Structures are given as C-alpha cells and as structure tokens.
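Work through the exercises below with the sequence and the model open. Each task is followed by a solution in steps.

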Amino acid sequence: MIDKVFYIRTLINGSVSELTLYVGDDGFIKKVSYGRELVSGYEVIDLCRGRQITLPGFIDLHVHLRDFKLSYKEDIVSGSSAAASAGYVLVCDMPNTNPRIDNAEVLKMRVEEALRKSYVDYGVYCGIPSEARVVNDLLSLKNLFVGFKIYPEDLADRFAVIKYLLSVYDGLVVVHGELPEYALRPSIRDLSLRYLDRPSWGELVVANILSSINKASKIHITHASHPSTPYLCRSLGFTVDTTPYYFLLSSDDVRDCWSKVNPPINDFVSKTLVFSNVVKGVYDAIVSDHAPHSVEEKLSDWRLCPSGITGVEVSSRVLLTLFVKGFISYELLIKYLCRGPAKVLGIDDFLGSLSSGFRASFTVIDFSREGIAYTRYSKALKSCLDGFRYVGEVVKTVVGGTLVFDEGVFNKPKVVVLGSKS
Ligand SMILES: [Zn+2]
C-alpha cells in the first residue's frame, strides 16, 4: 500500500530530472514517475528546494559503533546518528566490541540493540571464533550477520578456524590485511614512522595467503593502504576498499594519537598513488573505518593510546568534494558510496538505486553549500580529518521512507538488520 510520495530532483545521464517516488508502508519504492505528479490522499515530502539533489543512500561497509562495555567511546545511537547526518543509510559494524561478537549469544544481543537504537539500517560482522564448531553455530544464524571479519591476530591464533570458515562459508569475509609478525609487536620507531614497523606490503602477502586457502568465501580487503593492493585483489577475484585518510594524509602529517591508525598512515608516495587509484576508480567502495575513542584515551602516551580515526562524518563529504571539484565522475561517486558497497554485500537489488523495488533510502545534497568538517554527533568529539574544507552538504537522509535526518533534526526509523548473502 502506498504510504508517502516524495518529489525529488536527481541526476540522470548528466542532467537534472524531477521524479515522483511512491513509497509503500513497507519502506520500499513502489512506483517512479518522471516529473511532479499531482497526488492527493498521501503524505507528500518535497525534496526539491533550492539546488538540492537526491542521490541513492550512502553505505559504509566499515564502522566501529562500539556500544556494550565501550559505550563511553561511542554507542549505536550516537554512531548511527553521526552516520545519518553524513548521508549514510546503512552501516556495517565491526565485531571487536566488548564482549566480542564471535558467538551466537552476543550476535543476537547485538542485533537486538541495533534494531532498538540505530537510526540507519544495520549490518553486523562476526569475529573469528576460537573453535570451528562455533562457526557452525553462527552459520545457522546467517540472517543476523552480513559477513565475518579477520584481524591480524586471528591469522596467528585462529588460522585453523579461518581455514575451516573459508572452506564452508560462501558469503563475505572482510580482511584487515596486516601480517601478525609486524602488527603484534610494539612499535620501535616514533609515531610518524610506525608505517616502517608495520609495512603495508603485508597486505599483499595476507591477500596471497588467503587466496591459497580460500575455497568458498567472497574475500574483501578493507582499508587498503598499499597502492598495489586493489590490482592484486582484482587478479585474485577479491573486492577491496580504502578510506580517505590513506589518500588525504601521509606520515608527515602524523604528529599525535589522533592520526594513529592501523595499518599506519603511509609515506607521501603511497598517499599520492592511493589518491590516483581513487580517481581511476579501482576500488569497490570507500569506507570511513569510523573508529572512535575517548579524548582521554587519545591524549595518553603515543605508545599506549588506542589506534583508530573517527571518520563517518567526514568520509562522504570528502567524496562529494572530489566530485564537485572534478576529480571523480558522478558515476564514480555513486559507485564508491552506493552501488559498489551494495554489490560487495550482495544487496544491489535492495540499495544503491532510486528505482521501483528498491528500499526508499536516499540522501539529499545541497551542492551549493560548503563548510569545514568537524565532529558534530560522534562521542569521539574530534577527528584528525576535522578542518577538511568540503563542498556539498548533506541536508537530509531518508531511511526506508522515514526522514531520519533533516538539517540537524533526527527521527528514529524502523530499521532493517541485514543477513548474509551467498
Ligand atoms: Zn576498523
């Protein structure tokens, strides 16, 4: 049954077109008409003011919304509202929570929390369990998670379980590509030179190791920092993403814990090459790897402070700016933020388009507005990407037909938690 009608203005084949979207009470687009159709009997939401353009809703494949015992860093309410304010309609949350999401009990708990608290649709990753039999427990709950995540320590401690998983699971496995030999030892150089202690070529080795044992899974290398990684991934049949800090920052910019991250920010040449990869379109998605910590933690000694950069409020604005300034095409913008991540998740018939049959999730941008990025809604309060001058402001975000974010005002929608696709 039709519930609402949206008037939107969007880009079709390079020109601006007005559309009327009819949205059902199930949150899906039921019908799309060219132009502004006069209707009566429905709630009408007009998204055509000024120079506003509606895009398919953005998807972030990699966030850490913490919660549970780490709620002091971020929780699902603060993290998901920060994501909605940046135009994201779906976030996929990493399992290194406390407690870890690596068993059926914690997974169910996480899904309940997400349904209750999240302002955007949600995907949960499972960590690698300590025993292979727990993999089977989790595989019986495939409708509750979007994939698994492999960390460097799993390669050292849980390799047999990884081997088992890759032989029986035909869904998505996301990989943090660092070698445990380097990732698990303390840094011996200072903060700006950590990239020498944890060399980025480890990504290439990890990808080759996993390729040699993979039988069934769809492997995705996340936050790739080495410029050759996307090309190797393509040759191995893997997918790959990177994150803005690897093409906005180099080791010369790393002065304090706010830019401490794993894998570490690389040298200037790598940064430049990753940027040229982004412009060439070789990644499947750009993610935020939003990894908040408290101010106290980030101000502690650089050897001890936790790694992670808060980025969900900046990432989409970086890509909008690259589009406005002509570095990337409209098609590439949509690939990186919408269609590419939807394909990686196997949900490109659900999100990533403003067509009939898709979820009514979209993002309204005012391309005439500019600003300076700062952390507005995340509990982390600060990011090393704050201060980025962006062009193109997110003014509204719609999730499943609900106006979730409207110029600083939030509305809790009925969200969907996604399952694993084979
Ligand atoms: Zn991460």
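**Exercise 1. Find how many residues of domain 1 are in contact with domain 2, and which strands supply them.**

Step 1. Contact is counted when the C-beta atoms of two residues, placed from the backbone, lie within 7 Å. On that basis, 18 residues of domain 1 touch 22 residues of domain 2.

Step 2. The model is a predicted one: local features need pLDDT of at least 70, side-chain atom pairs count only at pLDDT 80 or more, and totals for chains, interfaces and linings use all residues. Residues are numbered from 1 along each chain as its sequence is written.

Step 3. Locate the domains, whose bounds come from an automatic or database domain assignment. Domain 1 covers 2–54 + 357–376 + 390–410, and domain 2 covers 57–345. Taken over C-alpha atoms, their centres are 29 Å apart.

Step 4. Strand E14 (362–372), strand E15 (389–399) and strand E16 (402–406) each supply at least two residues of the side that touches domain 2. E15 gives the largest share, six residues.

Step 5. Sort this side by class, with Ala, Val, Leu, Ile, Met, Phe, Trp, Tyr, Cys and Pro as nonpolar, Asp, Glu, Lys and Arg as charged, and the others, Gly among them, as polar. The side of domain 1 that touches domain 2 has 12 nonpolar, five polar and one charged residues.

**Exercise 2. Trace how E15 is joined to E16, and E16 to E17.**

Step 1. Strands pair if DSSP finds at least two bridges between them. E15 and E16 run antiparallel and are joined by four bridges. Lysine 396 stands opposite aspartate 406 in E16.

Step 2. The hairpin of E15 and E16 has two residues between the strands, and glycine 400 there takes a positive phi near 55 degrees.

Step 3. E16 also runs antiparallel to strand E17 (residues 409–410), with two bridges. Phenylalanine 405 has phenylalanine 410 in E17 as its bridge partner. In this second hairpin, again with two residues between the strands, glutamate 407 has a positive phi near 50 degrees.

**Exercise 3. Give the strand order of the open four-stranded sheet and name its edge strands.**

Step 1. The order is E3-E2-E1-E4, with mixed pairing.

Step 2. Strand E3 (29–34) and strand E4 (43–46) are the edges, each pairing on one side only. From one strand to the next, the twist averages 25 degrees.

Step 3. Strand E2 (residues 15–24) runs antiparallel to E3, with five bridges between them. Leucine 19 is opposite tyrosine 34 in E3.

**Exercise 4. Is helix H13 largely enclosed or exposed?**

Step 1. Count a residue as buried if 20 or more other C-beta atoms lie within 10 Å of its own, exposed if 12 or fewer, and partly exposed in between, with C-beta atoms placed from the backbone.

Step 2. In helix H13 (residues 312–324), 11 of the 13 residues are buried, so the helix is largely enclosed by the rest of the structure. Among the buried residues are Val312, Glu313, Arg317 and Phe323.

Step 3. After H13 comes glycine 326, with a positive phi near 90 degrees.

Key. Axes are lines fitted to C-alpha atoms, for helices over the stretch in contact, and angles run from 0 to 180 degrees between N-to-C directions.
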